[in-house]
Amino acid sequence: MFFASDNSSGAAPEIMAAVLRANDGSQRSYGGDDLMARVTAQVRALFEAPEAAVYLVATGTAANALSIALTCPPWGAVFCHQKAHVAEDECNAPEFFAGGAKLLLVDGAEGKIDPAALQVQLDRIGAGGVHSLQSGMMTLTNITEAGTLYTPAEIAALTALAKAKGLPCHLDGARFANALVASGATPAEMTWKAGIDILSFGGTKNGCLGVEAVVIFDPAKAFEFEIRRKRAGHLFSKHRFLSAQFDAYLEDGLWLRLAGQANAMGQRLASGLFSGNDAVSVHPVPANLMFADWSRGTSVRLQAKGAQFYSRAGAEGRERARLVTSWATSAEEVDAFLSAYAAQL
Ligand SMILES: Cc1ncc(COP(=O)(O)O)c(C=O)c1O
């Protein structure tokens, strides 16, 4: 009954097998390996973006921070949701790598940036001339940190506002596969067709061992990204092991099948939990991540039965629990949790 995070699961067998296969023989180092050429070709085809530049790093924090540094000058503003992972969970890596850029937190319900609130913040850019914050970039997250989903149309509405001020736009897709499965959109519809210039394309949470791709739709700054990745210590010498993971991840739609399982288990869990009784869903649950508002005793009793999840005290004896399913979550695991939940009511 492990619902603490989707990165609590191991790696999918197909990914492990690919890493083992990649261990045979010698390969060029630092991204010159044959598998990386296949990854680039696969990503370009999937995104209908024949010019896109594709790079691999080992963590989502690196993918985000390097993407932000690439698109934001040191004096620029980074527009993001107030609960964004880049704002709350990356230990100021975006500001560090961008050399002084400032995160501007924008409000919005259900983990999504509110367009009117964004416009207010955008209008601050350059208002004080040389003294003020200058044009930077915008970053969105899908699936959001609240577990909710931006549709391509919602992304396009926000990027249109940002682009009217000349801002490049980034998408934190640590759960990009979950967002695609939940929306039915194509990779292109969710990204460049909706105004996204650069994407952190997650692998680790969805069954890889440790790899994320950065996809740059306009390759003009591709070499600069390579330099930044090297300086950040994220250019792996035995790069073939990153390539092997992402190649297997994309092969025959494995990435979408894994996210399909995570989302299906998320739906099973949500429909069992939020069907009356004590637990209330804090946000809509389109994918694999949810927040339950329930009594404090519920958290204590479930954890005593061995269930794993993060939980934070709320007001008046209530508690807010975060539950996440993954590619490895089984129906039995969900049902065991639902039975434990029902038994303690
Ligand atoms: C939305 C989001 N972005 C990025 C990350 C990157 O994480 P890490 O640097 O731990 O790989 C995470 C992981 O929790 C996340 O939830």
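Predicted model: local features only at pLDDT ≥ 70, side-chain atom pairs only at ≥ 80, totals over all residues.
View 1. Residues are numbered from 1 along each chain as its sequence is written, and side-chain values use heavy atoms, with hydrogens and water left out. The side chains of Asp-6 and Arg-175 form a salt bridge at 2.7 Å, N to O (a side-chain nitrogen of Lys or Arg within 4 Å of a carboxyl oxygen of Asp or Glu). Asp-6 belongs to the segment before helix H1 (13-21) and Arg-175 to the loop between strand S5 (169-173) and H8, so the pair ties together parts 169 residues apart in sequence. Helices (H or I, at least four residues) and strands (E, at least two) are DSSP runs, numbered from the N terminus. Asp-6 is buried at 2% relative accessible area, and Arg-175 is buried at 9% (buried means under 20%, exposed over 50%, partly exposed in between; 1.4 Å probe, protein chains only).

**View 2. Salt bridge between Lys-165 and Asp-123.** The N to O distance is 3.1 Å. Lys-165 sits in the loop between helix H7 (152-164) and S5, and Asp-123 in the loop between helix H6 (115-122) and strand S4 (134-141), 42 residues apart. Lys-165 is partly exposed at 35%, as is Asp-123 at 42%.

**View 3. Salt bridge between Arg-318 and Asp-293.** These side chains meet at 2.9 Å, N to O. Arg-318 is in strand S11 (residues 318-324) and Asp-293 in strand S9 (residues 289-295), so the pair ties together parts 25 residues apart in sequence. Arg-318 is partly exposed at 23% and Asp-293 at 21%.

**View 4. Surroundings of Thr-191.** Thr-191 lies in the loop between helix H9 (187-190) and strand S6 (198-202). With 0% relative accessibility, Thr-191 is buried. Leaving out residues up to four places away in sequence, Thr-191 touches Phe-47, Leu-171, Phe-176, Ile-196, Leu-199 and Phe-217 (contact means heavy atoms within 4.5 Å).

**View 5. Contact between domain 1 and domain 2.** The chain is divided into domain 1 (13-252) and domain 2 (255-343), with bounds from an automatic or database domain assignment. Domain 1 gives 25 residues to the contact and domain 2 gives 18. There are zero salt bridges between domain 1 and domain 2.
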